[in-house]
Amino acid sequence: MTDNPRPAARVAPRSAPEITPTVEELEAEERRLVLRRFTYEDAWALGSLLVELARERQAPVAVDIHRAGQQLFHAALPGSTPDNDAWIARKRRVVERYGSASYLVGARFRAKGSTFEESSRLDPDRYAAHGGSFPIAVEGAGVIGAVTVSGLPQLQDHRLVVEALERFVERSGERSGDR
């Protein structure tokens, strides 16, 4: 499944098929990526890092960071379209509602033998449990926002966000428990 109407021809093909992560692996990512804080400056740094990674890969994506209902960062790279902004909003709403990554929410439904679209009872024009939106969780506060990418196949969107968060945490030392 992809949230980009065009084929992802600009992204370098992988030599081996991607291995789909388990629900447990996805949950571990979320536990590992809890931050001590998340400021306006952090949103700029994380968003800029995502743009840098996407440009290196010539990925036709849009990037968005929201905190407490406010858009703190948005960028659209060459090849992205207004559809990517619609996908961002739909995936972000899943994070806001469930407090988990959009890809993880979809994986939980699949693990139960169903799909998000069949079983969530939510309007698919407003919610999409496709990969690419990840919760911004802060120690002591919980989920305060979401960082979202749209334009690649859903697992690639998810992995791009996770990679950026991991690098952001490494650079800033902002992981919860890194005191």
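Predicted model: local features only at pLDDT ≥ 70, side-chain atom pairs only at ≥ 80, totals over all residues.

User: What holds strands of a sheet together in the first place?

Analyst: Strands of a sheet pair through backbone hydrogen bonds, and the pairing is either parallel or antiparallel.

User: How many bridges join β1 to β4?

Analyst: Two bridges join them, and these strands run parallel; β4 covers residues 133-138. As a point of reference, L35 stands opposite V138 in β4.

User: Changing topic: how many salt bridges does the structure hold?

Analyst: It holds eight salt bridges. One of them is formed by R57 and E163, whose closest N and O atoms are 2.8 Å apart.

User: Where do R57 and E163 lie?

Analyst: R57 lies in the loop between α2 (40-56) and β2 (62-67), while E163 belongs to helix α6 (residues 154-172). The pair therefore ties together parts that are 106 residues apart in sequence.

User: Is R57 buried, exposed or partly exposed, and what is its relative accessible area?

Analyst: R57 is partly exposed, with a relative accessible area of 31%.

User: What about D64: which residue is its salt-bridge partner?

Analyst: The partner of D64 is R92, and their closest N and O atoms are 3.9 Å apart.

User: Why does D157 count as buried?

Analyst: D157 counts as buried because its relative accessibility is 0%, and buried means under 20%. K91 likewise counts as buried, at 0% relative accessibility.

User: Let us turn to H66. Where is it found?

Analyst: H66 is found in strand β2. This residue is buried, with a relative accessible area of 11%.

User: What does its side chain meet?

Analyst: A polar contact of 2.6 Å joins the side chains of H66 and D64. Leaving aside residues up to four places away in sequence, H66 also touches Q71, L72, R92, I136, G145 and A146.

User: What is the place of S80?

Analyst: S80 is in the loop between β3 (70-76) and α3. At 18% relative accessibility, S80 counts as buried. The side chain of S80 reaches the backbone oxygen of L77 at 2.7 Å.

User: Now the rings. How many aromatic pairs are there?

Analyst: The count comes to four aromatic pairs. Among them is the edge-to-face pair of F38 and F168, which is 6.4 Å centre to centre with 65° between the planes.

User: Which parts does that pair tie together?

Analyst: F38 lies in the loop between β1 (34-35) and α2, and F168 in helix α6, so the pair ties together parts that are 130 residues apart in sequence. F38 is buried, with a relative accessible area of 6%, and F168 counts as buried at 5% relative accessibility.

User: What about Y98 and F116?

Analyst: They also form an edge-to-face pair, 6.1 Å centre to centre and with 65° between the planes. Y98 is in helix α3 and F116 in helix α5 (residues 116-119), 18 residues apart. Y98 is partly exposed, with a relative accessible area of 33%, whereas F116 is buried, at 3%. Together with F109, Y98 and F116 form one aromatic cluster.

User: Lastly, which ring does the charged end of R90 sit over?

Analyst: The charged end of R90 sits over the ring of W87, 4.3 Å from its centre. The charged end of R110 sits over the ring of Y103, 5.4 Å from its centre.

Methods: Residues numbered from 1 in each chain as written. Heavy atoms only, no water. Salt bridge = Lys/Arg side-chain N within 4 Å of Asp/Glu carboxyl O. Helix = DSSP H or I, 4+ residues; strand = E, 2+ residues; numbered from the N terminus. Buried < 20%, exposed > 50% of the residue type's maximum accessible area, 1.4 Å probe, protein only. Polar contact = N/O pair within 3.5 Å; in protein donor to acceptor, adjacent residues only side chain to side chain. Contact = heavy atoms within 4.5 Å. Phe/Tyr/Trp six-rings, centres within 6.5 Å; stacked < 30°, edge-to-face > 60°. Lys NZ or Arg CZ within 6 Å of the ring centre and 35° of its normal. Pairing = 2+ DSSP bridges.
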